[in-house]
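The following paragraphs lead the reader through a single protein chain.

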Amino acid sequence: MIRLLRHIVAGVLIITTVTACIPHDSRCAILPGGGQYCLQDTNQIAPFEVQQKVDIAYKDHRETMIAYIEIDSQNLDFVGLTPFGQKLVHVNYNNQQAKAIALPDKRLDPALMVALLQLALWPVDSIRSGLSSRLIVEESDRQRLILDGSKLVMNIRYADSSVPYRQLQISIPAVGMELDIVSLAETEME
């Protein structure tokens with residue numbers, strides 16, 4: 001699992017190295033495939049906690065990670081674990097900055113981890129306001145596309161659009177990554 005994460009990090013770093021010289025706000029992340037996304041406040045989404053099984057396919061590698069996500073009006077906390085409970089990733093976003101508590105590679109931008117979550121789960125109008133001008137988002141009932149002109153940056157497909165984090169697939173063609181995400185247990189926060 002740790003070797004797979006190193007491969008994923010290497011792929012993302014190769015794509016983002018090309019754009020590394022572009023100055024950007026610390027709340028903004030360069031997306032694999034082009035453009036950038038600036039993080040939106042966590043009050044844009046209803047608070048929730050969820051534990052998910054994330055099947056990761058990267059080129060010819062396949063692994064499973066258990067993700068724990070907690071979001072409230074002031075924070076987003078993401079923890080990624082091996083199926084045996086070893087912590088791989090821990091990122092926190094407090095509406096001011098994304099910071100890594102644990103990352104498999106220090107070169108990986110914690111804002112990128114939060115950006116991928118937000119692009120999949122935040123309301124489409126909030127996503128639009130965070131995207132750089134060259135990127136567009138198209139959304140239908142069970143799919144969200146992030147496009148750079150006609151080039152696909154990210155494809156997100158939902159099993160149930162009313163509760164998008166329950167089951168979804170994310171494809172990031174620039175790095176050859178597919179994520180298949182299914183909620184294991186969820187607790188709606190009051």
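Glu 139 has a relative accessible area of 41% and is therefore partly exposed; that class lies between buried, under 20% relative accessible area, and exposed, over 50%, with a 1.4 Å probe and protein chains only. The structure is a predicted model, in which local features need pLDDT of at least 70 and side-chain atom pairs count only at pLDDT 80 or more, whereas totals for chains, interfaces and linings use all residues. Residues are numbered from 1 along each chain as its sequence is written, and side-chain values use heavy atoms, with hydrogens and water left out.

Side chains of opposite charge can pair when their charged atoms come close. The criterion for a salt bridge is a side-chain nitrogen of Lys or Arg within 4 Å of a carboxyl oxygen of Asp or Glu. By this rule there are eight salt bridges. One of them links Glu 139 to Arg 144, with the closest N and O atoms 2.7 Å apart. Arg 144 is buried, at a relative accessible area of 4%, while Glu 139 is partly exposed.

In another salt bridge, Asp 160 meets Arg 166 at 3.6 Å, N to O. Asp 160 is partly exposed at 28%, and Arg 166 is partly exposed at 37%. Lys 53 and Asp 55 also form a salt bridge, at 3.4 Å from N to O. Here Asp 55 has 25% relative accessibility and Lys 53 has a relative accessible area of 31%, so both count as partly exposed.

Strand pairing is considered next. Strands (E, at least two residues) and helices (H or I, at least four) are DSSP runs, numbered from the N terminus, and two strands pair if DSSP finds at least two bridges between them. Strand β3, residues 48-58, pairs antiparallel with strand β4, residues 61-71, over 11 bridges. Across this pairing, Val 54 stands opposite Met 65 in β4. The two strands form a hairpin with two residues between them, and Lys 59 in the turn has a positive phi of about 55°. β4 also runs antiparallel to strand β5, residues 76-81, with six bridges joining them. Ile 69 stands opposite Phe 78 in β5, and the hairpin of β4 and β5 has four residues between the strands.

For the chain as a whole, there are three helices and 12 strands. Of its 190 residues, 49% are buried. Contacts are defined by heavy atoms within 4.5 Å; among those between residues at least 6 apart in sequence, 46% join residues at least 24 apart.
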